[in-house]
Amino acid sequence: MTVARPAGPLGPAANAIVALLEQRTGQQLDAGRAWRIDSALQPMLRERGLTTLDELVARINDRTAGERGLADLVVDALLNQETSFFRDAATLDTVVQAAIDMVAEAPRRLRIWSAACSTGQEPLSMAMLFAEASERTGILPPEIRATDISMRALMRARAARYTQFEIQRGLPIRRMMRWFEPRDDLWEAKAELRFRLLYGQHNLIADPMPAGKFDIVLCRNVLMYLSPAMRGVVLDRIAPVLRPGGLLVLGAGETVIGHTDALVPSERYRGLYRPAAH
């Protein structure tokens with residue numbers, strides 16, 4: 001089934017869905033990515049016996065339809081959950097080295113936050129790297145918190161079960177054999193790895209920030225989907241939860257420059273950012 005939509009680049013119903021996504025998450029869905037509306041929402045339409053986006057929007061707005069959570073499901077379906085193991089591996093290696101340096105200068109157990117963790121490949125990658133670093137250097141494995149706005153993604157992250165295709169994306173065979181075990185037709189992270197991670201649902205633009213301070217925050221490939229103004233909002237919310245000397249990790253095509261004065265490029269670690277001195 002294909003979704004019937006009004007003529008023009010985006011009809012009223014599609015525009016309403018785009019506005020809902022931006023209101024809830026800050027993410028913008030421009031015309032070049034509008035195809036996601038059709039591909040992501042078709043299963044939902046079929047399940048409810050609907051044929052058009054107009055019917056779906058009407059169902060969302062109908063307070064008597066008994067589907068108060070439908071808007072949340074629509075937003076969840078539209079979120080981009082693209083991720084892989086050891087994505088931008090050189091950056092992750094830099095993060096581990098920075099953590100080793102931090103502990104060398106002030107011995108302690110570090111706190112790391114993987115924001116917008118999607119289905120869990122990033123925090124699992126970090127857990128593997130730090131387990132291996134602990135064996136080499138004796139560094140105490142850090143506390144790693146991982147959050148995402150999508151409960152569906154978090155359920156998969158907590159389960160830590162991946163298809164053969166997912167497990168092969170970025171994960172070397174040596175690490176796969178050490179840290180994962182076959183489970184039916186999937187690969188499941190071993191308990192000793194899963195137990196290193198703490199997961200929770202979190203909306204970067206709306207929810208209170210996690211309690212306490214973090215030594216390192218990874219918020220990669222999120223800003224690229226936000227408006228310039230919203231990028232500044234997110235960065236200004238992250239800056240206060242970084243310890244003095246803490247570091248923010250963004251995606252390869254992202255920067256704090258031009259979006260906030262609260263964070264500046266790190267002089268010591270290429271591509272990372274630190275709180276601005278006041």
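In the predicted model, valine 249 has leucine 272 of strand β10 as its bridge partner.

On the β7 side, the pairing has the parallel sense: strand β7 (residues 214–218) and strand β8 (residues 242–249) are connected over four bridges. Valine 217 stands opposite leucine 248 of β8. Together with helix α11 (residues 228–238), strands β7 and β8 form a β-α-β unit that is right-handed.

These strands are part of an open, seven-stranded sheet with mixed pairing, whose order is β6-β2-β1-β7-β8-β10-β9. The edge positions are taken by β6 (197–201) and β9 (263–265); each has a single partner strand, and one side of each is therefore left without a neighbour in the sheet. From one strand to the next, the twist averages 25°. Helix α6 (residues 121–137) packs on this sheet, where it touches β1 (111–114), β2 (143–148), β6 and β7. The direction of α6 makes about 160° with that of β6.

A further set of contacts concerns helix α4 (residues 70–78). This helix is mostly covered, with seven of its nine residues buried. The buried residues are Leu70, Ala71, Val74, Val75, Asp76, Ala77 and Leu78. They pack against four helices, namely α1 (12–25), α2 (35–47), α3 (53–61) and α7 (151–159).

In general, a pair of packed helices is characterised by the angle between their axes and the distance between the axes. For α3 and α4, the axes come within 8 Å and cross at roughly 135°. Leu56, Arg59 and Ile60 of α3 make the contact with Leu70, Ala71 and Val74 of α4. Classified by residue type, the contact of α3 with α4 comprises five nonpolar residues, one charged residue and no polar residues. The three contributors from α4, Leu70, Ala71 and Val74, are also listed among the buried residues of that helix.

Methods:
Residues are numbered from 1 along each chain as its sequence is written. This is a predicted model: local features need pLDDT of at least 70, side-chain atom pairs count only at pLDDT 80 or more; totals for chains, interfaces and linings use all residues. Side-chain values use heavy atoms; hydrogens and water are left out. Two strands pair if DSSP finds at least two bridges between them. Helices (H or I, at least four residues) and strands (E, at least two) are DSSP runs, numbered from the N terminus. A crossover is right-handed if, with the strands pointing away from the viewer, the path from the first strand over the helix to the second runs clockwise. Axes are lines fitted to C-alpha atoms, for helices over the stretch in contact, and angles run from 0 to 180 degrees between N-to-C directions. Contact means heavy atoms within 4.5 Å. Buried means under 20% relative accessible area, exposed over 50%, partly exposed in between (1.4 Å probe, protein chains only). Ala, Val, Leu, Ile, Met, Phe, Trp, Tyr, Cys and Pro count as nonpolar, Asp, Glu, Lys and Arg as charged, and the others, Gly among them, as polar.
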